[in-house]
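User: Got a structure I'd like to walk through with you. Can we take it piece by piece?

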Amino acid sequence: TTASQRPMLVVSYVQGADIPPTVAITSPSNGASYVAPASVVVSANASDADGSVARVDFYAGTTLIGSDSSAPYSVTWSNVASGSYVLTAKATDNAGASTTSAGVNLTVTAPVNVPPSVSIAAPVAGTHFGAGSTVTVTAAASDSDGSIANVLLYADGVVFATLGGVGPYTAAVTGLAAGSHLLTAKATDNGGASTTSVAVSITVDPAVSGTVTL
């Protein structure tokens, strides 16, 4: 046979299937706990046996919280509210194949509310007042992690003034009988925590009566 009559040998090659990448979250650890509003750095290791990793997407549940296209793969999830979350990382390779990591459980707890501080600034303990006097009471109140919602002023355990969250916290009490009296203040903050001050003792002196002969 001539060369033109010889059968042609055709060799075809079937390209192998793309191997998906591998991915695992390395931080935070499973069961980690943060205090709201939290800032959480989420990191993952990802690799691809037959190509390269194009990007890693990070999720809290089904919500995408960020992506990174270069190693080390990491995103910062900011202002995280209190609650329980499951974090995953999804790696996609240069051929479009993807793998999702195992979930990592994360808990964000509400911050502990620090109660406010409060004290009676005036009058000072041991002050004497004349019978029938109007006694002006001033309290000092502050809150280290929030604001003051209100301040109540008491005379002998009975409220005589309810003051708003913005000072000054000053009010007058009248009609105190002769004798000793205890003044206190109770401050409540925006988180509902409250503190009662140390009591301040004052004295109302009895009226002086009698006849003066010249």
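User: Where is Asp 156 found?
Analyst: Asp 156 is in the loop between strand S13 (148–155) and strand S14 (158–164). Bear in mind that this is a predicted model.

User: What is phi of Asp 156 near?
Analyst: Phi is near 55 degrees for Asp 156. That is a positive value in a residue other than glycine.

User: Now Asn 79. What about its phi?
Analyst: Asn 79 also is not a glycine, and its phi is positive, about 55 degrees. Asn 79 sits in strand S6.

User: And is Asn 79 buried or exposed?
Analyst: Exposed. The cut-off is over 50%, and Asn 79 has 66% relative accessibility, so Asn 79 passes.

User: Next, Ser 43. Where is its place?
Analyst: Ser 43 is in strand S3.

User: What is Ser 43 in contact with, leaving aside neighbours within four places in sequence?
Analyst: Seven names to list: Ala 24, Ile 25, Thr 26, Ser 27, Phe 58, Tyr 73 and Ser 74. Ser 27 from that list is also in the cis bond with Pro 28.

User: Why does Ser 43 count as buried?
Analyst: Its relative accessible area is 17%. Buried means under 20%, so Ser 43 qualifies.

User: On to the core. Which residues of the largest nonpolar core touch the most other members?
Analyst: Val 56, Phe 58, Ile 65, Trp 77 and Leu 87, out of 24 residues in that core. Phe 58 is also a contact of Ser 43.

User: Which strands each supply at least two residues of this core?
Analyst: S1 (22–27), S3 (38–47), S4 (53–60), S6 (73–80), S7 (83–93) and S9 (104–109). The largest share, five residues, comes from S3.

User: What lies apart from it?
Analyst: Another core, of 22 residues. Its members include Val 151, Ala 155, Ala 161 and Val 200.

Note on methods:
Residues are numbered from 1 along each chain as its sequence is written. This is a predicted model: local features need pLDDT of at least 70, side-chain atom pairs count only at pLDDT 80 or more; totals for chains, interfaces and linings use all residues. Side-chain values use heavy atoms; hydrogens and water are left out. A nonpolar core is a set of buried Ala, Val, Leu, Ile, Met, Phe, Trp, Tyr and Cys residues joined through side-chain atoms within 4.5 Å. Buried means under 20% relative accessible area, exposed over 50%, partly exposed in between (1.4 Å probe, protein chains only). Helices (H or I, at least four residues) and strands (E, at least two) are DSSP runs, numbered from the N terminus. Contact means heavy atoms within 4.5 Å.
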